[in-house]
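Please read it with the coordinates open.

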Amino acid sequence: MKLQRMNRRALALGALAVSGALALTACGSDETGNPDGGSSNAAAPSNIKCDDASGQVLADGSSAQKNAVDAWVKQFSAACKVEINYKAGGSGAGVTAFTQGQVPWAGSDSALKPDEVEASKKICSGGQGIDLPMVGGPIAVGYNVPGVDKLVLDSATIAKIFDSKITKWNDPEIAKLNPDAKLPNLKIQAFHRSDESGTTDNFTKYLIATAKKDFPYEGGKAWQAKGGQSAPQSSGVAAQVKQTAGAIGYFELSYAKDGIKTVAIDTGAAKPVEATVENATKAIAEAKVVGTGKDLALQLNYGTKADGAYPMVLVTYEIVCDKGNKADTLPAVKAFLRYAASEDGQKILAENDYAPMPDEIITKVRTTVESLS
């Protein structure tokens, strides 16, 4: 009898432990499958304002900001009873999903175009889609050249590499910028995005602004230059660079992991500028708000030559209706964007290789988020 009671007690304790583990998993896990997701319950900021937020929110868009969104979701979902499912299918896919009413908010590395704003009026009852700059950071040019630990390029050489005009790593133009490097006679494998991407848009805007003669294209979310190879999303380009000798590609700094080296840019400043969060923030600080009304679209200065300012930057916008948001998802979307724009939310960006928005800009974002209806 005593043994039976002990067995029943052990079973009960085991069941309690399993149910507790399941509860932690449900409340604290994140989309990346991080086994430590449940630990964020204790670390979640206590000042996250949930309001009446609940349920599930689907979103899509920029893969550039996926690592930032994952970090936000981990904290937000630990504090609020909301499941955020961010697909990160690319800026083009996100804007399309938003203007077709498939998602209540989307991420894009480019501000809405006039035709996209017009399309948004059909799903924003009495309002329209607006751009809220929330995430900044450098577009890193990652490379895989055996024996070359440091590499300097300027906009002209980058343009020629990605337009198949420079095809070998020991090309004289590259050698001139890297006199101390042992550049191999190795074919360059340039990778670009296969999907429509705001990262591509900003990368090519930089080249067009600073090396138009060597990059004679209109730019945009779809890749236009000649040659090269393609891969889907920032993670796909980064994976190809990591595994391919002679490769070079562009992606956000947060994807330059596991030994991927990044190019320093010769901008004409006192010395080449590294792709860092701090250097990107210096460049973003020169941006101007060019949106009207509640729209906060920015104009970036890609041609900056300020010392320590990394010019190849992007700003990711959260796109949402200013008015006419769906009643069932508005509380959750508003609460999530409020947290993302908060001091805590912006602080997380720097911890994940992104650049927080300058104070002047993020203050306007916070005010706009509170006015969403």
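How much space lies in the largest cavity? About 80 Å³. The points below give the setting.

1. Basis. The model is predicted, with local features needing pLDDT of at least 70 and side-chain atom pairs counting only at pLDDT 80 or more, while totals for chains, interfaces and linings use all residues. Residues are numbered from 1 along each chain as its sequence is written, and side-chain values use heavy atoms, with hydrogens and water left out.

2. Terms for spaces. On a 1 Å grid over the protein atoms alone, a cavity is a set of points where a 1.4 Å probe fits but cannot get out; a pocket is an open set with protein on both sides within 12 Å along at least five of seven lines; lining residues have an atom within 4 Å of a point. Points are joined across faces, edges and corners, and a volume is the space filled by probe spheres set on them.

3. Largest cavity. There are 2 cavities of 30 Å³ or more by this rule. The lining of the largest consists of F98, G101, V103, P104, I123, C321, G324, N325 and K326. By class this gives 5 nonpolar, 3 polar and 1 charged (nonpolar: Ala, Val, Leu, Ile, Met, Phe, Trp, Tyr, Cys and Pro; charged: Asp, Glu, Lys and Arg; polar: the others, Gly among them).

4. Second largest cavity. Its volume is about 40 Å³. Residues lining this cavity include A64, E252, L314, D353 and Y354. Two or more lining residues come from each of β4 (129–144) and β13, and β4 gives the most, with 4 residues. Helices (H or I, at least four residues) and strands (E, at least two) are DSSP runs numbered from the N terminus. The lining has 6 nonpolar, 3 polar and 2 charged residues.

5. Largest pocket. The volume here is about 240 Å³. Of its 17 lining residues, S110, A111, K205, L298 and Y317 lie nearest the centre. At least two lining residues each are supplied by α8 (198–210), β12 (298–299) and β13 (313–321); the largest share, 3 residues, is from α8. The lining divides into 9 nonpolar, 4 polar and 4 charged residues.

6. Leaving out residues up to four places away in sequence, F203 touches I139, V141, I158, F162, W223, Y250 and M312 (contact: heavy atoms within 4.5 Å).
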